[in-house]
Amino acid sequence: MAKTNPIEVQQALKGASYPANKNALVDCAKRNHANSGLVHQLEELPGKQFNGPNEVEKAIFRS
């Protein structure tokens with residue numbers, strides 16, 4: 001599976017309303033036809049609220 005990049009995350013979350021929990025982010029990504037790998041990464045995020053796309057990216061790309 002190819003690694004997700006920040007541009008893909010931005011495209012997948014276009015139109016998301018914040019704050020948002022992971023379920024809302026997954027739904028948004030699916031509506032935006034994100035690849036299944038990215039959808040899976042969003043599904044695996046901790047079950048907390050995210051205040052903006054930067055927080056989502058930090059959670060996805062943290063080492």
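This is a predicted model: local features need pLDDT of at least 70, side-chain atom pairs count only at pLDDT 80 or more; totals for chains, interfaces and linings use all residues.
The mean pLDDT of the protein chain is 92. Of its residues, 95% reach 70 or more. Among the elements of the chain, H2 has the highest mean pLDDT, at 97. The lowest belongs to H4, at 93.

Helix H3 spans residues 36-43. Its buried residues are Gly 37, Leu 38, Val 39 and Leu 42. These buried residues pack against three helices: H1 (6-12), H2 (22-31) and H4 (53-61).

Two packed helices are described by the angle between their axes and the distance between the axes. The axes of H2 and H3 come within 9 Å. They cross at roughly 170°. Angles over 145 degrees count as roughly antiparallel, and H2 and H3 are therefore roughly antiparallel to each other. On the H2 side, the contact is made by Lys 22, Leu 25, Val 26, Ala 29 and Lys 30. H3 contributes Val 39, Leu 42 and Glu 43.

In soluble globular proteins, nonpolar side chains tend to be buried together. The largest nonpolar core in this model has 15 residues. Leu 42, Leu 45, Val 56 and Ile 60 touch the most other members. H1, H2, H3 and H4 each give two or more residues to this core.

Leu 38 lies in helix H3. Its relative accessible area is 1%. Leu 38 is therefore buried, the limit being under 20%. Leaving out residues up to four places away in sequence, Leu 38 touches Thr 4, Glu 8, Val 9, Ala 12 and Ile 60. Leu 38 and Phe 61 are 23 residues apart along the chain. Their C-alpha atoms are separated by 11 Å.

Thr 4 is found in the segment before H1. This residue is also buried, with a relative accessible area of 13%. A polar contact of 2.5 Å joins the side chains of Thr 4 and Gln 41. With neighbours within four places in sequence set aside, Thr 4 is in contact with Val 9, Leu 38, Gln 41 and Phe 61.

The loop between H2 and H3 holds Asn 35. Asn 35 is partly exposed, at a relative accessible area of 37%. At the start of H3, a side-chain oxygen of Asn 35 reaches to within 3.0 Å of the backbone nitrogen of Gly 37. Asn 35 and Glu 57 are 22 residues apart in sequence. In space, they are 16 Å apart, C-alpha to C-alpha.

Two backbone features remain. Most residues other than glycine have a negative phi, and most peptide bonds are trans. Phi of His 33, however, is positive, near 60°. His 33 is placed in the loop between H2 and H3. With 72% relative accessibility, His 33 counts as exposed. The peptide bond from Tyr 18 to Pro 19 is cis, with omega near 0°. Pro 19 is found in the loop between H1 and H2.

How values were computed:
Residues are numbered from 1 along each chain as its sequence is written. Side-chain values use heavy atoms; hydrogens and water are left out. Buried means under 20% relative accessible area, exposed over 50%, partly exposed in between (1.4 Å probe, protein chains only). Helices (H or I, at least four residues) and strands (E, at least two) are DSSP runs, numbered from the N terminus. Contact means heavy atoms within 4.5 Å. A polar contact is a pair of N or O atoms within 3.5 Å; within protein, one must be able to donate a hydrogen and the other to accept it, and residues adjacent in sequence count only if both atoms are side-chain atoms. pLDDT is the predictor's confidence in each residue, from 0 to 100. A nonpolar core is a set of buried Ala, Val, Leu, Ile, Met, Phe, Trp, Tyr and Cys residues joined through side-chain atoms within 4.5 Å. Axes are lines fitted to C-alpha atoms, for helices over the stretch in contact, and angles run from 0 to 180 degrees between N-to-C directions. Angles under 35 degrees count as roughly parallel, over 145 as roughly antiparallel, 65 to 115 as roughly perpendicular and the rest as oblique.
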